[in-house]
Amino acid sequence: METRDELLSLLNKSMWKFEKLVAHLKPEDLDLQMQNKDGGWSVIEILRHIQNSERGMASIVKSVIEGGEGASKDFDLSLYNTRSNEKMTDMTLDQVGENMKKYRETTLSILHSVKEEDWEKEGRHAN
């Protein structure tokens with residue numbers, strides 16, 4: 001299926017870019033403020049957010065494939081992001097990289113299992 005192949009290719013390329021970025025970061029880079037919204041996010045907080053988002057998206061896709069709605073109607077993305085960042089404050093860059101690989105493998109596995117008829121299903125994204 002063309003859609004699946006395109007998506008898998010995109011996900012593989014983005015993982016390669018993520019790994020390359022992480023490999024080139026120095027410890028002093030991690031605390032740099034990169035985003036001022038929601039009280040400001042540092043490089044390491046953004047990377048933690050990316051790997052956590054990968055896990056969440058896999059869960060949403062799986063829900064939709066299984067006939068669910070995806071993210072719940074009352075999901076508060078801002079609150080979730082704030083709490084997630086608070087819970088991940090001790091997560092190291094190495095742990096972020098390991099988690100990202102694990103979560104991406106889960107995503108790829110889910111996408112490989114999508115049946116032809118499931119590609120037309122729709123669900124709610126957390127945003």
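Is Asn-85 buried or exposed? Asn-85 counts as buried, because its relative accessibility is 12%; buried stands for under 20% relative accessible area and exposed for over 50%, with partly exposed in between (1.4 Å probe, protein chains only). Before we look around further, a word on the model. It is predicted, so local features need pLDDT of at least 70 and side-chain atom pairs count only at pLDDT 80 or more, while totals for chains, interfaces and linings use all residues. Residues are numbered from 1 along each chain as its sequence is written, and side-chain values use heavy atoms, with hydrogens and water left out.

## The chain as a whole

The secondary structure consists of four helices and two strands, arranged along the sequence as α-β-β-α-α-α. Here helices (H or I, at least four residues) and strands (E, at least two) are DSSP runs, numbered from the N terminus. Along the principal axes, the C-alpha atoms fill a box of roughly 50 × 35 × 20 Å. The chain has 127 residues, and 36% of them are buried.

For the surface, the accessible area is about 8,600 Å², with 51% of it belonging to carbon and sulfur atoms; such areas come from the Shrake-Rupley method with a 1.4 Å probe, and for residues only the protein chains shown count as cover. The side chains include 18 positive and 24 negative ones, and the centres of the two sets lie 1 Å apart. In that count Lys and Arg are positive and Asp and Glu negative, with His and the chain ends not counted; each charge is placed at NZ of Lys, CZ of Arg, CG of Asp or CD of Glu.

Contacts (heavy atoms within 4.5 Å) tell us about the range of the fold. Among those between residues at least 6 apart in sequence, 77% join residues at least 24 apart.

## Two nonpolar cores

A nonpolar core is a set of buried Ala, Val, Leu, Ile, Met, Phe, Trp, Tyr and Cys residues joined through side-chain atoms within 4.5 Å. The largest has 13 residues, and Phe-18, Leu-25, Leu-30, Leu-47, Leu-93 and Val-96 touch the most other members. Helices α1, α2 (43-65) and α4 (93-113) each supply at least two residues of this core. A second, separate core has nine residues, among them Leu-8, Ile-65, Val-114 and Trp-119.

Leu-93 sits in helix α4 and counts as buried because its relative accessibility is 15%. Leaving out residues up to four places away in sequence, Leu-93 touches Val-22, Leu-25, Leu-30, Ile-44 and Leu-47.

Asn-81 counts as buried because its relative accessibility is 13%. Not counting residues up to four places away in sequence, Asn-81 touches Trp-41 and His-49, while Asn-85 is in contact with Trp-41 and Glu-45.

Leu-32 belongs to the loop between α1 (2-24) and β1 (33-35). Its relative accessibility is 45%, so Leu-32 counts as partly exposed. Beyond residues up to four places away in sequence, Leu-32 touches Trp-41, Ser-42 and Val-43.

Ser-63 is part of helix α2. A polar atom of the Ser-63 side chain lies 3.3 Å from the backbone nitrogen of Gly-70. Ser-63 also touches Gly-68 and Glu-69, alongside Gly-70, when residues up to four places away in sequence are not counted.

Glu-122 lies in the segment after α4, and Glu-122 is exposed because its relative accessible area is 72%.

## Separations in sequence and space

To close, here are some C-alpha distances set beside the separation along the chain.

| Pair | Apart in sequence | C-alpha to C-alpha |
|---|---|---|
| Leu-32 and Gln-51 | 19 residues | 18 Å |
| Leu-93 and Leu-47 | 46 residues | 8.1 Å |
| Asn-85 and Asp-31 | 54 residues | 14 Å |
| Glu-122 and Ile-65 | 57 residues | 8.6 Å |

Definitions and conventions:
A polar contact is a pair of N or O atoms within 3.5 Å; within protein, one must be able to donate a hydrogen and the other to accept it, and residues adjacent in sequence count only if both atoms are side-chain atoms.
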